[in-house]
Amino acid sequence: MSRFANDFLSTLSPYVPGEQPQENGWIKLNTNESPYPPSPRVLDALHTQQAQNLSRYPDPTAKNLVEVIATYYHVQKENVFVSNGSDETLAFCYLAFCQNGVCCPAISYGFYPVFAELFQVPYETVPLSPMDLSIKPESFFHKNKSILLANPNAPTGTALTLEQLEQILKNNPNQLVMIDEAYVDFGAQSAVVLTQHYDNLLVIQTCSKSRSLAGARLGFAIGHSALIQDLNRIKFSFNPYNLNRMTIQAGIAAFLDVDYFQATTQSVVNTREKTKRRLQHLGFHVFDSLANFLFVSHESFSGQTLYEALKQEKILVRTFQNAELTPYVRISIGTDSEMAVLIHAIEEIISTAK
Ligand SMILES: *Cc1c(COP(=O)(O)O)cnc(C)c1O
């Protein structure tokens with residue numbers, strides 16, 4: 001740290017992103033990106049976007065993008081907030097809604113406690129079921145803080161049903177419930193339909209996982225218009241131009257290409273189920289995932305051992321610092337051929353360990 005740093009910097013433990021190797025030749029199964037390129041319509045939109053326009057600021061309201069997202073989800077444009085990745089929406093939520101604190105599942109997205117530290121928000125962890133690391137809805141009833149949970153949860157991939165989410169909403173009428181649906185497009189039920197009925201619900205999504213736009217940085221939230229106004233107050237006090245022109249165009253094109261979205265998410269789901277059966281066959285414990293990754297463990301090696309052995313083969317998967325998670329690795333779903341290479345590598349690792 002420099003001698004100019006504010007005192008609180010020394011107490012921060014920043015989020016550690018998964019490795020992003022910049023050279024070719026890696027099979028990247030560590031950060032849950034889509035293995036498929038963006039829709040051809042996104043590529044077209046970026047081509048026709050006149051570079052000349054880059055001399056002008058983008059639309060600070062991103063009106064055209066907001067309208068496309070609103071139409072897609074059958075809500076009004078007043079119900080949609082857009083941001084530079086959903087991490088930015090999450091940060092704004094901490095600033096806007098969490099002065100009394102936030103409750104999160106004990107095992108969940110690693111960024112949640114980091115934001116709590118940064119924004120000095122009291123952070124309560126809610127234990128998971130010890131049996132299967134699932135979220136018990138009752139454990140989120142009658143809270144005295146805002147609630148933030150990922151559904152499907154990360155890194156386990158397990159999901160609550162719409163009925164279970166509604167129970168959490170009904171049992172917290174005076175708390176905001178934020179559902180982070182980063183992985184919802186791979187088979188779970190979205191709570192967006194409940195936003196019309198509950199003014200204490202905010203649904204947060206991203207184009208990073210299911211819409212092949214991790215590099216564009218586009219996230220959004222859907223909820224009651226008053227919540228969206230609050231988020232915009234924060235945004236216009238921080239960075240009014242949080243979405244650049246290219247990301248706005250890419251987002252519009254991605255939402256309009258429904259067929260491509262459905263085909264690529266379905267492929268990921270098919271590959272996930274195939275990979276799950278193969279890993280079980282090799283002796284892995286595999287959680288029931290409704291996300292674009294599998295959370296697995298194996299009696300014969302720790303998560304770190306498997307991670308290192310796969311890295312030798314230029315395959316990246318994700319391990320976790322958290323002591324409870326040392327047995328596990330999280331494997332993002334790639335293409336069928338990438339997963340075939342993974343399975344082959346794991347077979348080799350198992351046979352040499354014997
Ligand atoms: C990936 C992820 C995000 C962040 O997504 P960005 O839009 O890329 O910032 C948020 N929440 C969860 C649970 C995630 O896995």
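I count a residue as near a molecule if one of its heavy atoms lies within 4 Å of it. The model is predicted, so I asked for pLDDT of at least 70 for local features and pLDDT 80 or more for side-chain atom pairs, while totals for chains, interfaces and linings use all residues. Residues are numbered from 1 along each chain as its sequence is written, and side-chain values use heavy atoms, with hydrogens and water left out.

With that rule, I found the ligand surrounded by G85, S86, D87, Y109, D180, A182, Y183, T206, S208, K209 and R217. Helix α3 (residues 85-97) gives the largest share of this shell, three residues; helices (H or I, at least four residues) and strands (E, at least two) are DSSP runs numbered from the N terminus. By class I noted three nonpolar, four polar and four charged residues in the shell. Here Ala, Val, Leu, Ile, Met, Phe, Trp, Tyr, Cys and Pro are nonpolar, Asp, Glu, Lys and Arg are charged, and the others, Gly among them, are polar.

**Polar contacts.** I took a polar contact as a pair of N or O atoms within 3.5 Å; within protein, one must be able to donate a hydrogen and the other to accept it, and residues adjacent in sequence count only if both atoms are side-chain atoms.
- For S86, I found a polar backbone atom 2.6 Å from an oxygen atom of the ligand.
- For D180, a polar side-chain atom sits 2.6 Å from a ligand nitrogen atom.
- For T206, a side-chain N or O atom is 2.5 Å from an oxygen atom of the ligand.

Next I asked how much of the ligand the protein buries. The ligand taken alone exposes 390 Å², and 93% of that is buried by the protein; accessible areas come from the Shrake-Rupley method with a 1.4 Å probe, and for residues only the protein chains shown count as cover.

**Pockets.** I worked on a 1 Å grid over the protein atoms alone: a cavity is a set of points where a 1.4 Å probe fits but cannot get out, a pocket is an open set with protein on both sides within 12 Å along at least five of seven lines, and lining residues have an atom within 4 Å of a point. Grid points are joined across faces, edges and corners, and a volume is the space filled by probe spheres set on the points.

Which space does the ligand take? It is the largest pocket, where sitting in a pocket needs more than half of the molecule's atoms within 2 Å of its grid points. I noted a volume of about 1,000 Å³ for this pocket. Its lining has 44 residues, with Y15, V16, Y109, G110 and R318 nearest the centre. The largest share of that lining, four residues, again comes from α3.

The second largest pocket holds about 280 Å³. Among its 15 lining residues, V66, K77, V80, I228 and N232 are closest to the centre, and α6 (225-235) gives the most, with five residues.

**Cavities.** I found three cavities of 30 Å³ or more. The largest cavity has about 70 Å³ of space, and its lining includes P38, S39 and R211.

**Backbone.** Most residues other than glycine have a negative phi, and most peptide bonds are trans. I noted these entries:
- The N151 to P152 bond is cis, with omega near -5°.
- The A154 to P155 bond is cis, with omega near 0°.
- A62, not a glycine, has a positive phi of about 45°.
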